[in-house]
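Please read this report with the structure open beside the text, and look up each residue as it is named. The account moves from the whole chain to single positions.

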Amino acid sequence: MSFSADDHRFMARALQLAARGLYTTDPNPRVGCVLVRDGDIVGEAWHQRAGEPHAEPLALCQAGARAQGATAYVTLEPCSHFGRTPPCADALIAAGVSRVVVAMQDPNPLVAGQGLERLQQAGIAVECGVLEAQATALNPGFIQRMRVGRPFVRLKLAMSLDGRTAMRSGESQWITGSAARADVQRLRARSSAIITGIDSVCLDDPQLTVRDPDLLSEGTALQPLRVVLDSHLRLSPSARVLQVPGKVLLVTSDQVAPAQLAELASGSVDWLALPLDDQGRIPLAPVLQHLAQSCQSNEVLVETGATLAGSFMAQGLVDELVVYMAPTLLGSDARPLLELPLTQMAQQQRLQLTDVRHFGDDLRLTYKPLTEC
């Protein structure tokens with residue numbers, strides 16, 4: 001299907017609007033809508049927060065009577081079911097739009113083509129697929145959660161030029177500069193959850209929160225869920241991760257005594273008890289499954305040490321690596337980027353470089369793991 005230059009232009013504007021909800025729509029997708037009549041934009045909006053109106057009714061409200069006969073450009077298929085808000089497909093039909101152009105079909109099984117079908121049955125011209133790749137990139141977590149029942153996993157790493165993350169003692173603050181650390185705040189803000197291991201908590205005592213005032217002022221109402229993997233329940237009640245606002249999910253062994261868990265129980269701390277794997281470690285796939293199904297987590301950020309980071313990579317659970325490289329050397333005795341014990345070249349994990357950016361003196365390298373070497 002071919003689309004006009006205007007179709008591309010107006011959908012690009014809808015995507016630009018949708019991106020304004022990058023930090024606020026969770027667990028819903030980021031969606032933008034533009035209404036065009038006689039070549040002029042008569043209404044535009046984006047979904048801002050779960051439970052509040054979607055992009056389409058907001059844009060229709062702005063357009064008023066001018067929506068009659070207009071073309072609606074929507075970054076994701078209009079919903080066809082009742083959730084916390086009425087179906088957007090019905091709102092477009094009631095407003096009398098003549099054409100709906102959609103970037104991509106909704107992967108949610110509750111929609112999955114039904115919204116487009118409802119519009120067509122009402123006599124509205126429907127076209128789908130303009131700037132689909134850009135729309136997909138805007139909602140990687142929502143799409144993956146709906147299609148395969150797992151959140152999109154982003155592994156964040158910071159290293160020296162010689163590939164080291166900390167001194168042998170564990171000292172690591174700070175390898176990168178303030179600009180790179182500010183960018184990590186943005187990664188946290190767009191994430192549903194942040195996963196770390198108990199060793200990192202014991203060593204660094206992190207908060208794992210969004211603290212950038214500019215991000216918070218943009219409407220990041222909820223802090224990401226902080227997930228601590230702690231098989232033997234070594235987490236101290238005084239750990240900073242427990243002292244700051246927001247929810248914590250403590251993942252531990254099903255052999256831990258309930259009395260031990262009770263010491264950490266509070267209104268802001270939940271726990272998940274799982275049987276350990278053959279190596280005595282918490283299995284990672286069930287953790288991700290729980291985050292997708294029970295917590296509706298779309299994007300998950302892994303901020304942890306080399307051992308747990310290596311486990312995520314070894315088990316094929318990383319969808320994207322974000323590596324901050326500082327112009328410094330930590331030496332051969334420092335800790336490696338990943339604990340990934342490979343012994344043969346045939347075992348190497350190939351990566352595709354998808355983005356390179358400067359943050360101060362540091363480089364941010366974004367990679368996608370390749371399934372084949």
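Domain bounds, as used here, come from an automatic or database domain assignment. This is a predicted model, in which local features need pLDDT of at least 70 and side-chain atom pairs count only at pLDDT 80 or more, while totals for chains, interfaces and linings use all residues. Residues are numbered from 1 along each chain as its sequence is written, and side-chain values use heavy atoms, with hydrogens and water left out.

## Two domains

The assignment divides the protein into domain 1 (5-139) and domain 2 (149-369), and the centres of domain 1 and domain 2, taken over C-alpha atoms, are 34 Å apart. To the contact between them (contact means heavy atoms within 4.5 Å), domain 1 gives 9 residues and domain 2 gives 12 residues. Buried area is the accessible area, found with a 1.4 Å probe, that two parts lose on being put together, summed over both; between domain 1 and domain 2 this area is about 850 Å², and carbon and sulfur atoms give 43% of that. On the side of domain 1, Tyr-23, Asp-26 and Pro-27 lose the most area to domain 2, and together they account for 63% of what that side buries.

## Strands and a helix

Helices (H or I, at least four residues) and strands (E, at least two) are DSSP runs, numbered from the N terminus. Two strands pair if DSSP finds at least two bridges between them. Strand E3 (residues 71-74) pairs with two partners: strand E1 (residues 32-37) runs antiparallel to E3 and is joined to it by 4 bridges, whereas E3 and strand E4 (residues 99-102) pair in the parallel sense, also over 4 bridges. Ala-72 in E3 has Leu-35 opposite it, and Ala-72 also stands opposite Val-100 in E4.

A residue is called buried when its relative accessible area is under 20%, exposed when that area is over 50%, and partly exposed in between (1.4 Å probe, protein chains only). By this rule both faces of E3 are covered, with Thr-71 and Tyr-73 buried on one side and Ala-72 and Val-74 buried on the other.

In helix H6 (residues 140-148), the buried residues are Pro-140, Gly-141, Phe-142, Ile-143, Gln-144 and Arg-145. Their cover includes helix H5 (132-138), strand E6 (152-160), helix H11 (284-293) and strand E12 (299-302). After H6 comes Gly-149, which has a positive phi, near 70°.

## Annotated positions

UniProt positions are given in the numbering used here, feature names are shortened, and annotations may be inferred rather than shown by experiment. In an unreviewed entry, UniProt lists His-54, Cys-79 and Cys-88 under "binding site". They span 35 residues in sequence, but no two of their C-alpha atoms are more than 9.3 Å apart, so they gather at one spot. His-54 has its place in the loop between strand E2 (40-46) and helix H2 (55-63), while Cys-79 is found in the loop between E3 and helix H3 (88-95). Leaving aside neighbours within four places in sequence, Cys-79 is in contact with residues including His-54, Cys-88 and Val-111.

Another "binding site" annotation from the unreviewed UniProt entry covers eleven positions, among them Ser-231 and Thr-307. These annotated positions are spread over 154 residues of sequence and also in space, up to 28.0 Å between C-alpha atoms. Ser-231 lies in the loop between strand E9 (225-229) and strand E10 (248-253), and its contacts beyond four places in sequence include Val-251, Leu-276 and Ile-282. Thr-307 belongs to helix H12 (residues 306-314), and beyond four places in sequence Thr-307 is in contact with Arg-281 and Glu-339.

The table sets out the accessibility of several residues.

| Residue | Relative accessibility | Class |
|---|---|---|
| Cys-79 | 7% | buried |
| Ser-231 | 16% | buried |
| Cys-128 | 30% | partly exposed |
| Thr-307 | 43% | partly exposed |
| Cys-202 | 47% | partly exposed |

## Cysteines

A disulfide is counted as a pair of cysteine sulfur atoms within 2.5 Å, and by this rule the count comes to 0 disulfides.
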